[in-house]
Every structure is written in structure tokens, then in C-alpha cells.
Amino acid sequence: MQPRNMSMSGVVDLAAVKAAGEAKAKAEQARAEAARQAGQAGGAGPSAGAVPPSALVIDVDEAGFERDVLQLSAEVPVVLDFWAEWCQPCKQLSPLLERLIAEANGRLVLAKVDVDANQMLMQQFQIQGIPAVFAVVAGQVLPLFQGVAPEQQIRDTLAQLVQVAEERFGIIGIEVDPNAEGAPADDAAADEIPAGPYDALLEAAVVALDAGDLGGAVQAYKNVLADDPGNTEAKLGLAQAELLARVQHMNPQAVRSAAAENPRDPAAQIAAADIDLVGGHVEDAFGRLVDTVRVTFGEDRDAVRLRLLELFEVIGADDPRVSAARTALARVLF
């Protein structure tokens with residue numbers, strides 16, 4: 001069986017993700033249940049907010065689909081592997097998918113669906129043959145491919161999926177704790193963890209922020225990210241420092257007046273959203289930009305969407321207001 005179209009086009013709506021707070025709670029429950037299924041119950045658990053590597057591959061059925069796939073997809077792209085015990089190509093593809101998901105280190109989760117036991121899901125996805133692979137991002141379904149594809153082609157598709165999730169929805173995945181499945185770490189050794197290679201730069205950034213040197217703080221965070229693009233603390237700090245730098249010379253009253261007079265002006269709405277966020281009006285800032293995405297097109301829409309993703313970084317991915325705004329953004333984009 002030859003693989004079908006592996007592009008990211010043709011996104012279709014399967015179901016809406018629940019309200020942000022409920023989605024977050026249910027996603028946590030789903031990960032906890034996955035860990036228990038993998039034999040983690042009663043053992044040393046992962047650090048707060050992190051999951052063990054075994055929780056990245058889960059078995060899904062019809063009853064738990066909303067919880068284990070739709071809700072979780074608000075935090076991490078979920079790859080669906082439709083398979084059956086009698087399917088020989090499935091036995092070739094599934095181990096490859098599991099290995100690639102493990103290499104993604106929390107940026108993807110693999111959900112395996114036994115079609116013999118879940119005929120309704122097979123019908124809902126209109127599957128004509130197996131193996132068949134889909135993805136769900138923020139409640140949206142993306143058909144990936146059918147049949148056994150070459151490993152490099154699958155790698156490229158998964159990389160594109162990660163990129164789409166981050167750039168369009170601001171979804172960056174979940175934290176993985178590699179020590180969760182092993183023996184507890186030695187307490188004495190844990191007390192002697194050396195300072196990280198970027199601690200001095202991060203401290204310099206904080207000092208610059210405290211001194212009001214926003215340019216210096218921005219540069220310090222960028223220096224860290226130049227060598228370590230995934231450094232969470234630096235990404236958060238950079239987003240905050242850049243926001244403060246943008247608004248330091250703004251007149252809030254003038255900015256809000258301009259936004260009220262020009263509801264379709266992307267620049268005016270972006271500036272007002274920055275002011276809203278600095279003033280603590282997080283939901284207003286997010287809602288303003290989501291509404292602006294709805295009424296703009298082309299480069300204007302991209303500019304607003306990207307600013308919204310930057311503001312997500314300021315608040316942090318775990319905040320339920322960010323989850324709610326991601327879902328709202330997904331709805332207006334598709």
C-alpha cells in the first residue's frame with residue numbers, strides 16, 4: 001500500500017476543545033492515566049508538570065478519545081496510529097512511529113487505535129485501509145498518510161507537524177522527565193548539581209531588568225537562545241523584556257483611543273494588546289488579537305497571529321488563559 005498525501009493541508013474540524021481550565025485538568029488526568037497504564041503507579045513520579053517517557057505512547061479507545069486525544073491536543077500534537085493485530089504493515093510502521101515520537105522528546109504524543117476494537121472511530125475518520133496515520137492539534141484533525149512510508153518522509157512530516165503546532169497554535173509540547181521511570185536519584189548527588197552553563201547570562205539579564213536596562217536584558221536572553229534555542233527561562237524572559245521595551249514610551253490613553261477608532265487596524269490593535277497585557281488585562285489582550293485575526297488577511301493576519309504567540313510566551317504555556325486563547329485562535333484560523 002502506497003502512502004497518500006502527507007501534506008499539512010486539508011485541516012478539518014473534528015470537535016471543539018473544551019473550555020481552557022477543563023481542558024488543562026483533563027489533559028493532566030489523561031497523562032496520569034497513561035503513566036499508570038505504563039506501570040508507573042506506585043513508583044517515583046515525574047516532577048511537577050512533567051511526564052515519563054512511556055506516557056508519550058498511549059492506547060486510545062472510543063470512550064476515552066475526547067479526554068486522551070482532543071483535550072491533550074491543546075497542549076501537544078497527538079499523532080494517531082490506526083492499526084490491527086492482523087496487519088503486517090502495521091507491525092512495521094508502529095515501532096518506527098514509537099521511536100520517532102520518543103526522539104521528539106515531548107513535542108509529540110502517539111495515540112494507538114486498534115481498529116478492530118474501535119470501529120466507530122475508524123468510520124468517523126473514513127479510513128479505507130490500515131495503517132493510517134492522522135494528527136490532532138488543538139482539536140483539529142490533519143490527515144498525514146496511509147500505508148508504510150519511508151522513514152525520512154515520516155520524519156519530515158512529523159517535523160512539519162511540530163512546526164505547524166508551534167507557529168499556528170502556539171503549542172510547544174509537554175515536558176518529559178527521563179528519570180521518572182528509573183531508580184530515585186541519589187539525594188546527595190542531587191544537592192551537588194553544578195550551575196548550568198547559562199546561569200551567569202540569565203542572572204545578568206535579571207540584573208539588567210531590575211536596573212531598567214531593557215536593551216541589555218533582551219541581548220542577554222538572546223545570547224542564551226543563540227546557543228540553546230529551547231531554553232525555557234530565556235524564552236520567557238526575552239518575551240517579557242521585549243514587551244516592556246515596546247510599551248515603555250507608549251501613551252496608554254492614546255494607544256487605546258487609536259485602537260477604538262480603528263478596530264481593523266492591525267498595528268493599532270497590536271499596540272493596544274501590549275498595553276492590555278502590561279496592565280494585567282490578559283484576557284482582553286488575547287481576545288483583542290483573536291478578534292483582529294478574524295477580520296484580517298494575508299500579512300496583516302500573520303503579524304497579529306505572531307504577536308499573539310509572543311504574548312503567549314509572556315504568560316506561559318501552562319496558564320489556562322493561554323489554552324483558551326489557543327483554542328479561540330484555532331477556531332478563527334480554520
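Me: Which residue in S5 stands opposite Asp-59?
Reply: This is a predicted model, in which local features need pLDDT of at least 70, side-chain atom pairs count only at pLDDT 80 or more, and totals for chains, interfaces and linings use all residues. Residues are numbered from 1 along each chain as its sequence is written, and side-chain values use heavy atoms, with hydrogens and water left out. Strands (E, at least two residues) and helices (H or I, at least four) are DSSP runs numbered from the N terminus. In S5, the residue opposite Asp-59 is Lys-112.

Me: What is the handedness of the crossover from S4 through H3 to S5?
Reply: Strand S4 (residues 78–83) pairs with S5 in the parallel sense over six bridges, where pairing requires at least two DSSP bridges between the strands. The chain passes from S4 through helix H3 (residues 88–104) to S5. A crossover counts as right-handed if, with the strands pointing away from the viewer, the path from the first strand over the helix to the second runs clockwise. This β-α-β crossover is right-handed.

Me: How far apart are the end C-alpha atoms of H3?
Reply: The expected span of a helix is 1.5 Å times one less than its number of residues. H3 has 17 residues and should therefore span 24 Å, which agrees with its end C-alpha atoms being apart by 25 Å.

Me: How many of the six residues of S5 are buried?
Reply: Buried means under 20% relative accessible area (1.4 Å probe, protein chains only). Strand S5 (residues 109–114) is mostly covered, and its buried residues number five.

Methods
Buried means under 20% relative accessible area, exposed over 50%, partly exposed in between (1.4 Å probe, protein chains only).
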